[in-house]
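Q: Could you take me through this structure, please? I have not seen it before.

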Amino acid sequence: MKIYKAIKKDHDIQRDLCDKISNTSGDTEERRELWKKLKKELEVHAVAEERYFYSPLVDSDDMQEDARHGMAEHHEMDELIEEINDTDMSSPHWLATVKKLIHKVEHHLEDEEKDFFDKAKKLYSEEEAESLAKSYETTMTEYRDSWPASIPGKDE
Ligand SMILES: [Fe+2]
Ligand SMILES: [Fe+2]
């Protein structure tokens with residue numbers, strides 16, 4: 001498997017969780033559980049993707065700007081996650097802010113899948129793309145298991 005497919009698989013997990021969470025209401029066990037899962041997926045994915053997809057591209061002339069843009073969006077998502085964490089789950093503001101996050105996530109995944117992957121395919125050899133996928137998946141597994149401790153400064 002190449003890095004693009006490995007990332008796409010996890011994007012689909014994020015999309016599914018985004019769908020489910022937008023259909024919840026009030027402070028319920030279901031909503032708490034889904035929010036925890038979505039947060040974990042977003043945080044662990046951002047770290048692994050920056051390490052095994054974006055970082056090597058920052059040094060290339062063709063993708064430096066895109067890589068910086070993608071990583072800046074991870075930061076914006078992080079800020080929204082913090083804002084949601086600090087909001088009362090039973091208030092309407094909670095879902096409104098989650099919807100803002102979902103909108104950002106959807107747009108970001110589209111950029112990666114419809115634009116950045118095509119450009120990266122010109123820069124990563126097939127072998128590199130396969131080896132990056134292995135490292136990416138190993139990190140995902142390891143970090144999911146030890147989240148939130150795997151992401152310094154994050155709480156459940
Ligand atoms: Fe990303
Ligand atoms: Fe991604």
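**Lys119 and the overall fold**

A: Lys119 lies in helix 4, which covers residues 92-121; helices are DSSP runs of H or I with at least four residues, strands are runs of E with at least two, and both are numbered from the N terminus. This is a predicted model: local features need pLDDT of at least 70 and side-chain atom pairs 80 or more, while totals for chains, interfaces and linings use all residues. Residues are numbered from 1 along each chain as its sequence is written, and chains are lettered from A and ligands numbered from 1 in the order in which they are written.

Q: How exposed is Lys119?
A: Lys119 is partly exposed, because 14 other C-beta atoms lie within 10 Å. A residue counts as buried with 20 or more such atoms within 10 Å of its own C-beta, exposed with 12 or fewer, and partly exposed in between, with C-beta atoms placed from the backbone.

Q: Which residues does Lys119 touch?
A: Leaving aside residues up to four places away in sequence, Lys119 touches Asp62, Met63 and Asp66. Contact requires C-beta atoms, placed from the backbone, within 7 Å.

Q: And how far is Asp16 from Lys119?
A: Their C-alpha atoms are separated by 26 Å, and the two residues are 103 apart along the chain.

Q: Changing topic, how many helices and strands are there?
A: The protein has 5 helices and 0 strands.

Q: What share of the protein is buried?
A: Buried residues account for 29% of the 156 residues.

Q: What about contacts across the sequence?
A: Of the contacts between residues at least 6 apart in sequence, 69% join residues at least 24 apart.

Terms used: Contact = placed C-beta atoms within 7 Å.
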